[in-house]
Amino acid sequence: MPRNVTYTRKRKRRTGRIYVIFFYLICLTILICAVVNLQNRDFHKQYISQTTSEYKNNDKKDESNRTDTGKINIQEDWNLTLVNKWNPIQSENDIEVNELSNGEFVDKRIYPYLQKMFDEARNDGIYPIVASGYRTEQEQEEIYSKKIAAYKAEGLSDADAKREAELWVAVPGTSEHQLGLAVDINADGIHSVGTDVYRWLKKNAHLYGFILRYPAEKTDLTGVSYEPWHYRYVGIDAATEIYNKGICLEEYIVTRGK
Ligand SMILES: [Zn+2]
């Protein structure tokens with residue numbers, strides 16, 4: 001056998017081995033790539049499921065916030081307490097009040113909303129004051145008696161004086177002022193006049209949770225004459241709905257949830 005032939009065969013064998021090794025290397029590379037890829041995918045999947053669960057948790061947090069909001073809604077029932085001549089106050093024992101700068105009081109839960117409303121009014125160049133806020137049963141009794149006395153002084157009979165007075169002053173036990181949730185708002189008399197304040201309130205009060213409680217066209221339902229100064233806190237949601245629908249609190253309570 002010529003040497004050249006042997007050499008050629010050896011070379012071919014070596015070349016073949018190189019091909020085999022090269023083949024295995026390629027296979028190994030593919031395998032490594034596959035494993036790494038799989039791990040990455042696992043990691044990615046894990047990451048996604050983590051973020052998803054975080055998201056879900058956040059969602060749950062949102063839901064729990066919503067539950068909190070639900071709780072607030074339940075608490076908001078105090079905001080929707082209906083008091084009128086047909087629905088006297090059941091109990092006024094647990095009212096916590098905040099004192100305003102002029103010595104009037106309001107339920108402390110409505111204080112921040114009232115403050116904000118007044119701040120915004122002043123930003124618009126309107127200067128309101130709380131002429132009357134929370135009243136005790138005794139204070140309401142005094143106002144009521146004084147009003148009757150004033151009509152009697154004008155010459156009205158006892159019955160007429162009483163009837164006339166009750167158009168303007170609630171019988172003790174039936175005034176929203178005893179809830180601490182109602183305020184009579186007037187102008188400061190220096191920078192603003194009453195009509196400006198009433199106009200501003202009528203347009204904006206619902207944004208802070210207050211409603212014009214005794215609209216002119218609802219006296220049959222409220223049992224009270226039109227009072228452009230008397231505002232009642234019911235919460236922003238209820239106030240907005242009442243404002244948008246042009247209804248009064250009595251109508252809102254009856255139709256709520258229907
Ligand atoms: Zn009032």
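1. Helices (H or I, at least four residues) and strands (E, at least two) are taken here as DSSP runs, numbered from the N terminus. On that basis the protein has eight helices and six strands, and from the N terminus on its elements run α-β-β-α-β-α-α-β-α-β-α-β-α-α. This is a predicted model, in which local features need pLDDT of at least 70 and side-chain atom pairs count only at pLDDT 80 or more, while totals for chains, interfaces and linings use all residues. Residues are numbered from 1 along each chain as its sequence is written, and side-chain values use heavy atoms, with hydrogens and water left out.

2. Of the 258 residues of the protein, 32% count as buried, where buried means under 20% relative accessible area, exposed over 50% and partly exposed in between (1.4 Å probe, protein chains only). Among the contacts (heavy atoms within 4.5 Å) with a separation of 6 or more, 70% come from residues 24 or more positions apart.

3. The zinc ion is coordinated by His177 (NE2), Asp184 (OD) and His230 (ND1), at 2.0 to 2.1 Å, and these donor residues are spaced H-x6-D-x45-H in sequence. His177, in the loop between α4 and β4 (182-187), and His230, in strand β6 (residues 230-233), lie 53 residues apart, and the pair links distant parts of the chain. Both His177 and His230 are buried. Donors are N, O and S atoms within 2.8 Å of the metal (3.2 Å for Na, K and Ca), and water is not among the atoms, so sites may look incomplete.

4. Helix α7 (residues 236-245) has Ala238, Ala239 and Ile242 as its buried residues. Seen down the axis of α7, these fall within an arc of 100°, so they line one face of the helix; the arc is that of the directions from the helix axis to the C-beta atoms. Asp237 and Asn244 are exposed on the other side of α7, whereas what covers its buried residues includes β5 (210-212) and α8 (249-255). Gly246, whose phi is positive, near 65°, follows α7.

5. By class, the lining of the largest pocket has 10 nonpolar, eight polar and eight charged residues. Here Ala, Val, Leu, Ile, Met, Phe, Trp, Tyr, Cys and Pro count as nonpolar, Asp, Glu, Lys and Arg as charged, and the others, Gly among them, as polar. A pocket is an open set of points on a 1 Å grid over the protein atoms alone, where a 1.4 Å probe fits, with protein on both sides within 12 Å along at least five of seven lines, and lining residues have an atom within 4 Å of a point. With four residues, α4 gives the most to this lining.
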